[in-house]
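Keep the sequence and the 3D view open as you read.

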Amino acid sequence: MWIVILLIIVVIVVYNFGKRTGETVGRVNSDGGMRHKYGKLLNHILQGHKECKILAETRTYIRAGVSNYGGNTIFHIQQCPNNTVMIDYEVSKNPAMSDFNLRFTFPDTMDQDEMMKQIGLGIQRKMIGL
């Protein structure tokens, strides 16, 4: 009896997860994909350094940044359910500072110029704190 109840719960959880994932993918696809949906934000990121480029892309995720002798500076942009976007800013292997990560969450309809301003302010606060 317990096995049947547990199996039903697992099926419901998997179904709900798949449904939310499918809705998220569908929303991104209807907006032209990650590169198009977050084009303004990506332009800001890619213009920040001459070696900056898109490093990876899936249907709901894109990674852009720089990886060279000065370390890694990477932006991870993840489309999330409930019309939100999560952006992680990662600095690692930099000889001048210790590794750190910053996470930003915004409504996916927010102006991307404003997103970049808030990310820049967050990075600036972190640098002052180092």
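## Salt bridges

In this report, a salt bridge is a side-chain nitrogen of Lys or Arg within 4 Å of a carboxyl oxygen of Asp or Glu. The model you are looking at is predicted, and five salt bridges are found in it. Side chains of opposite charge can pair when their charged atoms come close.

Start with Asp 111 and Lys 40, which form a salt bridge with their closest N and O atoms 3.9 Å apart. Because the cut-off is 4 Å, this distance of 3.9 Å counts. The two residues come from distant parts of the chain: Asp 111 belongs to the loop between β5 (100-107) and α4, Lys 40 belongs to helix α3, and they are 71 residues apart. Both are partly exposed, Asp 111 with a relative accessible area of 40% and Lys 40 with 44%.

Lys 40 also meets the side chain of Asp 113 in a salt bridge, at 3.1 Å from N to O. Lys 40 sits in helix α3 and Asp 113 in helix α4, so this pair ties together parts that are 73 residues apart in sequence. Asp 113 is partly exposed too, with a relative accessible area of 28%.

Another salt bridge joins Asp 88 to Arg 103, with the closest N and O atoms 2.7 Å apart. Are the two partners buried or exposed? Asp 88 is buried, with a relative accessible area of 16%, whereas Arg 103 is exposed, with 55%. Returning to the bridges described above, shared partners join Lys 40, Asp 111 and Asp 113 into one network.

## The buried side of α3

Helix α3 holds Lys 40, and it has buried residues as well: Gly 39, Leu 41, Leu 42 and Ile 45. Why do they lie on the same side of α3? They cover an arc of only 160 degrees around the axis, which puts them on that same side.

What covers these buried residues includes the helices α2 (34-37) and α4 (112-129), together with the strands β1 (53-57), β2, β3 and β4 (84-92).

## The largest pocket

The largest pocket holds about 220 Å³. Its lining is made of 15 residues, and Gly 48, His 49, Val 66, Thr 73 and Phe 75 are the ones nearest its centre. The elements that give two or more residues to this lining are α3 (39-46), β2 (61-68) and β3 (71-80).

Which element gives the most to the lining? That is β3, with four residues.

## Glu 57 in β1

Finally, have a look at Glu 57, which is found in strand β1. Glu 57 is partly exposed, with a relative accessible area of 36%.

Which residues does Glu 57 contact, leaving aside its neighbours within four places in sequence? They are Met 34, Arg 35 and Ile 62. Glu 57 and Arg 35 are 22 residues apart along the chain, and their C-alpha atoms are separated by 8.5 Å.

Terms used:
Residues numbered from 1 in each chain as written. Predicted model: local features only at pLDDT ≥ 70, side-chain atom pairs only at ≥ 80, totals over all residues. Heavy atoms only, no water. 1 Å grid on protein atoms, 1.4 Å probe; cavity = no way out; pocket = protein on both sides within 12 Å on 5 of 7 lines; lining within 4 Å. Points joined across faces, edges and corners; volume = space filled by probe spheres on them. Buried < 20%, exposed > 50% of the residue type's maximum accessible area, 1.4 Å probe, protein only. Arc of directions from axis to C-beta. Contact = heavy atoms within 4.5 Å.
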